[in-house]
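Here is a walk through a protein structure, one contact at a time. Keep the 3D view open as you read.

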Amino acid sequence: MKFIVPALVLIVLAARLRRRRRTTVRAPHAKSDRLRGDVTLVMAREVRERFRGRVFKVTTLFVLLVVAAAIIIPVLRGGKTKIETIGIVGASTSALRATVASSAATVGLSVHLVSESSIDAAKSDLGAGRINAAIVNNRAVLIQSSLAPTDISSGAQFVRTLAENLGIAKAFRDANLSSSQYETITHARTLPITSVQPGSGRSSGRSPTQGTSVIGTVLIFVMLSQYNTWILMGVMEVKSSRVIEVLLSAVRPIQLLTGKVLGIGIVALAQASLIVAFALALSKAVGSNLLHGSAPFVVVSTLVWLVLGYSFYCWVYAAAGSMIERQDQVQSLVLPLSLPMIFGYIMALTGASSGSPSLLLKVLAFLPPTAPFTMPVLVGFGAVTWWAFLVSAAISVLCTVGIARLAATVYRRAILRTGSRVRLREVFN
Amino acid sequence: MGGVGDVERRQSLTYDHRITRFQDPSILGLVAPALQLEDLSRRFGERVALDHLSFEVAAGQVVGFLGPNGAGKTTTMRAIFDLTDLDSGTITWSGTAVDQAQRRRFGYMPEERGLYPSMLVGEQLQYLGKLHGLSPRVAASATATWLERLGLADRADSKVESLSHGNQQRVQLAAALLHGPELLILDEPLAGLDPSGIDVIGDVLAEQARAGCCVLFSSHQLDQVEDLCESVVIIDHGHLVVAGRVDDLATSGPRRLVVRIEGERSASWLDGVAGIEISEVRGGDVRLVLDATVDSNTILELARKTGRVTKFVFERRRLSELFREAVA
């Protein structure tokens with residue numbers, strides 16, 4: 001929230017400023033209108049053909065099914081392991097009971113509180129299944145098994161929410177209504193959730209937003225892979241079918257290239273928006289806590305980085321597509337091009353699972369090839385300020401401009417060379 | 001056409017060997033030259049594709065662009081559409097350097113046919129028409145008109161890949177014609193077509209030229225070129241070898257005479273005659289190439305003395321002969 005709102009304000013201001021400059025400084029020019037018209041024509045064809053294509057329909061349906069499964073299955077699993085009884089080790093104050101009750105209400109559960117004489121007794125009851133969690137001296141939440149990173153069931157969400165709320169309550173108490181109250185509250189920390197049985201080494205202190213950011217990262221990776229393949233194959237098809245000469249007799253290469261990436265970009269954004277809207281609607285309908293806490297901002301961040309990631313990679317793949325014209329040449333290009341994406345994706349998932357953002361993750365969040373995967377995870381952790389988010393986005397945009405220029409040069413020089421695969425050194429010789 | 005200025009221009013030709021080599025590159029400009037290519041050069045590594053190539057093409061003419069494989073025809077055509085970089089040279093249209101706006105008014109049929117295979121024929125043509133500046137309504141109308149004209153009216157909703165080779169070729173031609181181009185550049189438009197397809201394309205090209213369009217097309221089917229074209233340009237190794245009107249070229253150069261004498265199967269009656277070259281003796285016909293100094297009446301008298309002359313004809317050179325001589 002703290003960085004999304006300023007970011008949106010800046011984008012709106014920049015758009016208004018640009019519009020004002022266009023209307024006051026430069027009069028509309030027939031030639032530039034014509035150029036834009038050509039880009040629009042190419043873009044419209046691309047959008048029409050993609051929407052009409054079977055591949056788009058099948059992949060959209062497939063992703064929707066996967067998303068639905070990812071939302072519904074944890075909820076169904078969560079229904080069998082609902083926390084009904086919470087043990088209290090130490091004093092059971094009215095404030096504590098209220099915090100537990102409100103946390104349970106947030107995820108649609110009702111709880112029964114029981115007093116535990118000691119931590120050992122609580123562990124024993126957890127092991128026997130008599131209680132589902134225990135609060136130890138208002139300082140920790142004890143559960144039997146560690147929470148899986150992707151577990152967004154109501155039971156798991158309850159534990160996370162409870163830990164977060166107890167942390168906030170503790171911060172309030174610590175503040176003691178003194179003059180430093182505000183400062184203390186802003187530094188509230190979620191209490192650690194400790195499991196009796198050792199987990200896989202991962203911290204179980206995952207917030208709900210981290211689960212959302214993991215899903216977002218997976219979606220970004222899947223979608224970018226798909227859209228980049230569209231770009232690569234689309235450019236290659238134009239070259240291999242030889243329609244390129246007919247097209248370039250009427251429009252400039254840069255118009256053709258821009259129209260194609262914009263067209264596929266629009267289709268990509270439409271598909272992503274559909275999937276996200278579907279995911280949000282479904283999670284609300286089935287009572288999933290996908291949108292708990294600051295998760296909506298993670299969703300927005302995911303969409304922003306999907307757009308930025310597509311903007312960066314689409315030019316790279318378009319340039320690569322212009323250098324090949326046969327299916328067998330695709331394989332030799334796809335792997336090296338995918339490596340930065342795969343690296344960023346793995347680092348993002350590893351970082352999300354570690355429970356706290358590493359320095360490497362923070363560095364990768366500022367590198368355009370890996371930022372689309374790592375920055376949403378940092379947002380999920382709440383470990384990035386709004387200005388850092390904007391700086392990373394600005395770096396990505398600047399690099400995208402440079403990459404686009406380079407790609408346009410490669411495209412223009414390679415797209416008409418037929419036969420064997422065009423090498424980069426041939427392009428720049 | 002064919003006025004005093006034209007005669008003077010033709011008279012300014014110089015000859016080289018047995019073929020006509022025009023030193024005046026504006027020989028084809030019998031009417032106002034429209035397309036001018038001047039001093040085009042292009043090198044691909046060690047290979048010279050264009051070597052200071054210059055020629056002009058006038059509006060309202062169908063001009064055949066000939067040359068052996070690798071002569072530089074396709075490179076020249078691609079250069080007109082800025083599809084290949086030139087090392088040097090200029091290309092102008094009606095006196096001004098060709099730019100993108102002008103190219104949009106040209107029509108192009110590349111050597112390697114290219115259309116979106118899975119796109120519907122009608123939609124594809126409309127799309128290409130709009131890229132050439134037609135409004136959606138005009139593009140739709142032009143698409144219908146040309147599909148009808150080329151016998152493909154019932155295939156508008158078919159995918160291009162479902163059409164036969166010949167019909168794909170017709171769609172490709174329609175794509176080049178949709179927007180009413182001022183200049184039509186066709187690279188091997190007759191390749192792979194059956195006789196009816198060739199007739200259709202021939203009719204269309206003649207029609208376009210009559211309407212004032214400047215048509216330049218390449219082909220290896222020289223008989224068809226001779227039938228379709230008023231003028232030809234022949235290049236070899238990237239430079240101009242021959243250019244001119246087909247009629248002029250066929251009748252220019254050394255005179256070619258065929259003589260048949262009843263009962264005479266050899267050319268021994270010509271022994272000792274200076275200034276002639278016997279190019280062929282077959283079936284009683286003796287083919288001669290006469291030097292400019294030789295009077296044909298001398299040959300006729302000599303033939304009469306030998307026997308009864310049953311054939312004495314000045315022969316017109318076929319384009320295929322011209323071509324072979326030009327690129328020999």
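**Charged pairs and covered helices**

B:E123 and A:R52 form a salt bridge, with their closest N and O atoms 3.0 Å apart. B:E123 sits in helix α4 (residues 121–131) of chain B and A:R52 in helix α2 of chain A, so this pair joins two chains. B:E123 is partly exposed, at 25% relative accessibility. A:R52 is partly exposed too, at 37%. Bear in mind that this is a predicted model.

Why can such pairs form? Side chains of opposite charge can pair when their charged atoms come close. Over all chains, the structure holds 19 salt bridges.

Now look at another pair. B:R78 forms a salt bridge with A:E245, and here the closest N and O atoms are 2.6 Å apart. This pair also crosses between chains, from helix α2 of chain B to helix α9 (residues 243–248) of chain A. Both B:R78 and A:E245 are buried.

Helix α2 (residues 73–80) of chain B is mostly covered, with seven of its eight residues buried. Among them are B:M77, B:R78 and B:I80. After this helix comes B:D82, whose phi is positive, near 60 degrees.

Next, stay within chain A. A:K260 forms a salt bridge with A:E46, the closest N and O atoms being 3.0 Å apart. The two residues are 214 residues apart, A:K260 in helix α10 and A:E46 in helix α2 of chain A. A:K260 has a relative accessible area of 6%, so A:K260 is buried. A:E46 is buried as well, at 3%.

A:L335, A:L339, A:I342 and A:I346 make a nonpolar patch of about 350 Å². A:I346 lies in helix α12 (residues 327–354) of chain A and is partly exposed, at 47%.

Key: Residues are numbered from 1 along each chain as its sequence is written. Chains are lettered from A and ligands numbered from 1 in the order in which they are written. This is a predicted model: local features need pLDDT of at least 70, side-chain atom pairs count only at pLDDT 80 or more; totals for chains, interfaces and linings use all residues. Side-chain values use heavy atoms; hydrogens and water are left out. Patches are made of residues with over 30% relative accessible area and no salt bridge: like charges are joined within 9 Å, nonpolar side chains (Val, Leu, Ile, Met, Phe, Trp, Tyr) within 5 Å. Accessible areas come from the Shrake-Rupley method with a 1.4 Å probe; for residues, only the protein chains shown count as cover. A salt bridge is a side-chain nitrogen of Lys or Arg within 4 Å of a carboxyl oxygen of Asp or Glu. Helices (H or I, at least four residues) and strands (E, at least two) are DSSP runs, numbered from the N terminus. Buried means under 20% relative accessible area, exposed over 50%, partly exposed in between (1.4 Å probe, protein chains only).
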